[in-house]
Amino acid sequence: MFKQDNQDKQTELAQRRLFAYITNQDNDSLSVLDIGTNRIIGTIRVGQLPNSAAISPDGKRIYTTNGAGNSITVISAQTNRVIETVKGVGTEPFAADFSISRNRYYVPSFYSGSLFVLDLDTNKVLDEIPVGNGLVGVGVSPDQSKVYVTSVGAGITIINPKTNQVMATIPNLDSWGIDFSPDGARYYVNNAGSNSVSVYDASSNKLLQKTAVGLAPLGIVASGDGRRVYVANSRSKSVSVLDAASFRVLNTIAVGSVPFGIAITPGNRRVYVTNFGSNTVSVIDTAANRVIDTIRTGVNPRGIAITPPRLEEGVNG
Amino acid sequence: MGLAYVGNQNSSTLTVINTDGDEIVKTIPVGRNPVQVDTSFDRTEVLTANGGERSISVISTRTNQVIEIIRNVTPEPFGAVHADGKLFVPDQFTGNVTVLDAGSGTLIKRIPVVTRILSAVLHPNNQKLYVTSLVHNIWIIDVTTNQLIQSIPKEAIWGLAFTPDGKRFIANHYLSNFAAIYSTCTNRLIGKIPVGIAPIGVAISSNGERAYVTNSRSGSVSVIEIAAKRVIKTIPVGRVPYEVALSPDNRKIYVTNYGGTTVSVIDSKSLRVITTISVGAGPRGISII
């Protein structure tokens with residue numbers, strides 16, 4: 001899938017294989033999918049009902065939040081082995097995101113209504129910040145100066161990672177997935193109940209636009225080049241492709257049943273979406289805006305994370 | 001003798017408790033990750049909706065044995081309500097209520113409703129199914145025609161229970177931390193009662209006088225006097241209390257502590273926890289016959 005113009009570059013990319021990590025909620029497992037071949041090369045046993053997968057920005061570790069295990073499984077991306085199972089993260093941990101500069105990761109738990117702050121090296125819980133009822137998502141801003149927690153009840157809560165204090169709460173009911181423009185100027189939030197995506201100005205927290213998408217949008221991902229935003233419409237069996245500048249829907253691509261998690265490759269050429277109801281992952285070619293492959297997974301695939309761009313180089317794939 | 005059936009989501013078992021002596025009679029393995037526990041219309045069967053297995057387990061209340069497993073129901077079954085010879089199975093992420101023939105288990109219909117369905121409760125007249133959602137509205141399904149007939153504009157509601165005469169219902173406003181009394185006929189708000197944080201489960205006594213509400217983030221149960229529209233007591237229980245049910249004689253109230261491994265038993269006279277029973281991990285649904 002890579003177009004190389006010289007041998008050196010080819011060698012470099014060959015050494016750096018890209019993977020998608022998919023949580024199979026009802027197999028208590030994580031599938032490792034080789035993006036070069038679109039084949040599943042391994043399955044790792046994790047905690048009970050893994051509902052999300054996240055990969056550290058250095059690409060070294062994968063984290064699954066286990067909704068019924070009330071735990072986090074930490075996996076080495078090099079060996080695909082479980083390093084640790086972290087407990088004490090509340091009832092139904094739901095998502096995870098990272099701050100490399102602070103050496104922390106953040107996990108909201110649905111029923112506890114708290115954001116758990118963990119140390120990336122020791123996996124110890126450092127803090128528990130009460131946020132609100134029904135927490136579902138978390139996103140650390142690209143400059144790592146803010147942590148955003150989405151919930152159905154409390155809207156979007158912005159936390160200062162220096163003080164672990166709530167800085168602001170934006171009343172955006174029924175929020176689900178969140179992502180950012182790569183420059184950090186905007187953030188995008190899916191409204192699962194009102195079938196739309198809200199675009200906010202990150203400095204003023206002002207709602208800039210609300211765009212109608214399919215039914216019950218859950219997962220959202222912004223392309224690393226800042227041009228597109230992809231939304232998984234869980235009740236419409238589709239993915240909406242939005243232009244990040246105009247925030248208009250450019251395309252709606254049919255995928256499997258209950259598309260849930262969504263992730264993009266570092267070079268923005270492929271989008272992977274988990275079809276929770278079909279036990280598959282759809283692979284979308286972002287140039288052609290069509291599904292080019294459908295891969296069988298475990299039962300109820302839900303979370304997905306893809307090898308990130310190299311920290312020092314930015315986009316490479 | 002009453003029997004309480006507690007679904008342990010994280011152990012994939014059903015604990016059967018004798019409500020006279022509060023001892024465990026049996027632990028029955030069911031499908032993976034049971035969520036809601038329902039009873040058949042004639043109460044001879046208990047149904048667990050197994051969220052982690054796409055299935056429903058049917059247990060005989062006479063023998064306390066699994067007599068049937070209905071498979072490939074929907075990606076994440078959340079409950080199985082028996083009405084009009086059918087089973088109504090909500091699924092939170094497909095947003096459908098799947099209708100099965102209760103005898104054969106065959107698919108009759110999928111009714112698209114709303115995302116993040118949280119509960120489905122049958123009105124005492126056995127004709128209307130009330131469906132609640134984490135995002136918005138109460139959705140009413142006619143169980144005879146399998147049609148969605150009404151949607152009542154409301155913010156997110158979790159648990160809902162009817163008074164025995166069916167004239168009123170109490171709905172837990174999960175996001176705003178209050179329980180509300182509504183007229184079933186007009187859907188009009190009659191009383192708004194502040195409770196603890198993130199109320200989930202609600203049960204009403206068979207004389208219609210009291211309601212018990214679980215406050216999932218406060219770790220407590222609010223006892224409401226329905227006529228006075230006020231909380232008369234708040235009782236500390238375990239972590240993330242989820243569902244609540246009354247013993248047949250209404251003397252005891254059983255609360256599943258989803259964030260732990262216990263059921264709290266409250267005496268309805270003294271309004272104190274009289275015993276805490278160790279069950280499986282993540283006890284969630286409960287039905288008492």
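Both A:Asp285 and A:Arg270 are buried in this predicted model. These two residues also pair up: A:Asp285 forms a salt bridge with A:Arg270, and their closest N and O atoms are 3.5 Å apart. Where do they sit along chain A? In general terms, side chains of opposite charge can pair when their charged atoms come close.

Now let us look at a place where salt bridges share partners. Such bridges join A:Asp28, A:Arg45 and B:Arg32 into one network. One link lies within chain A, where A:Arg45 and A:Asp28 form a salt bridge with the closest N and O atoms 4.0 Å apart. A:Arg45 lies in strand S3 (residues 39-45), while A:Asp28 lies in the loop between strand S1 (19-24) and strand S2 (29-34), so this pair ties together parts of chain A that are 17 residues apart in sequence.

Another link brings in chain B: the side chains of B:Arg32 and A:Asp28 meet in a salt bridge (3.0 Å, N to O). This pair crosses between chains, from B:Arg32 in the loop between strand S3 (23-29) and strand S4 (34-39) of chain B to A:Asp28 in the loop between S1 and S2 of chain A.

A:Asp28 has a relative accessible area of 5%, so it counts as buried, being under 20%. B:Arg32 is partly exposed, with a relative accessible area of 21%.

Here are some of the salt bridges in one place:

| Residues | N to O distance |
|---|---|
| B:Arg32 and A:Asp28 | 3.0 Å |
| A:Asp285 and A:Arg270 | 3.5 Å |
| B:Arg284 and A:Glu92 | 3.8 Å |
| A:Arg45 and A:Asp28 | 4.0 Å |

How many salt bridges are there over all chains? A search of the whole structure finds nine.

**Where the two chains meet**

Across the interface of chain A and chain B, the rule finds two salt bridges. The side chains of B:Arg284 and A:Glu92, for instance, meet in a salt bridge. Polar contacts join in as well, with 21 residue pairs found across the interface. On the side of chain A that touches chain B, the residues divide into 17 nonpolar, 16 polar and six charged.

How many residues take part in the contact? On one side there are 39 residues of chain A, and they are in contact with 36 residues of chain B. Together the two chains bury about 2,600 Å² between them, with 50% of this area on carbon and sulfur atoms. Within chain A, the residues that lose the most area to chain B are A:Tyr111, A:Asn133 and A:Arg235, which together make up 28% of what that side buries.

**A look at chain B**

Chain B contains zero helices and 28 strands. Its C-alpha atoms fill a box of roughly 45 × 45 × 30 Å along the principal axes. A compact globule of 289 residues would have a radius of gyration near 19 Å, and the 17 Å of chain B agrees with this. Buried residues make up 64% of the 289 residues in chain B. Among the contacts in chain B with a separation of 6 or more, 36% are between residues 24 or more positions apart.

Note on methods
Residues are numbered from 1 along each chain as its sequence is written. Chains are lettered from A and ligands numbered from 1 in the order in which they are written. This is a predicted model: local features need pLDDT of at least 70, side-chain atom pairs count only at pLDDT 80 or more; totals for chains, interfaces and linings use all residues. Side-chain values use heavy atoms; hydrogens and water are left out. Contact means heavy atoms within 4.5 Å. Buried area is the accessible area (1.4 Å probe) that two parts lose on being put together, summed over both. A polar contact is a pair of N or O atoms within 3.5 Å; within protein, one must be able to donate a hydrogen and the other to accept it, and residues adjacent in sequence count only if both atoms are side-chain atoms. Ala, Val, Leu, Ile, Met, Phe, Trp, Tyr, Cys and Pro count as nonpolar, Asp, Glu, Lys and Arg as charged, and the others, Gly among them, as polar. Helices (H or I, at least four residues) and strands (E, at least two) are DSSP runs, numbered from the N terminus. Buried means under 20% relative accessible area, exposed over 50%, partly exposed in between (1.4 Å probe, protein chains only). The radius of gyration is taken over C-alpha atoms; the globule rule is 2.2 Å times the number of residues to the power 0.38.
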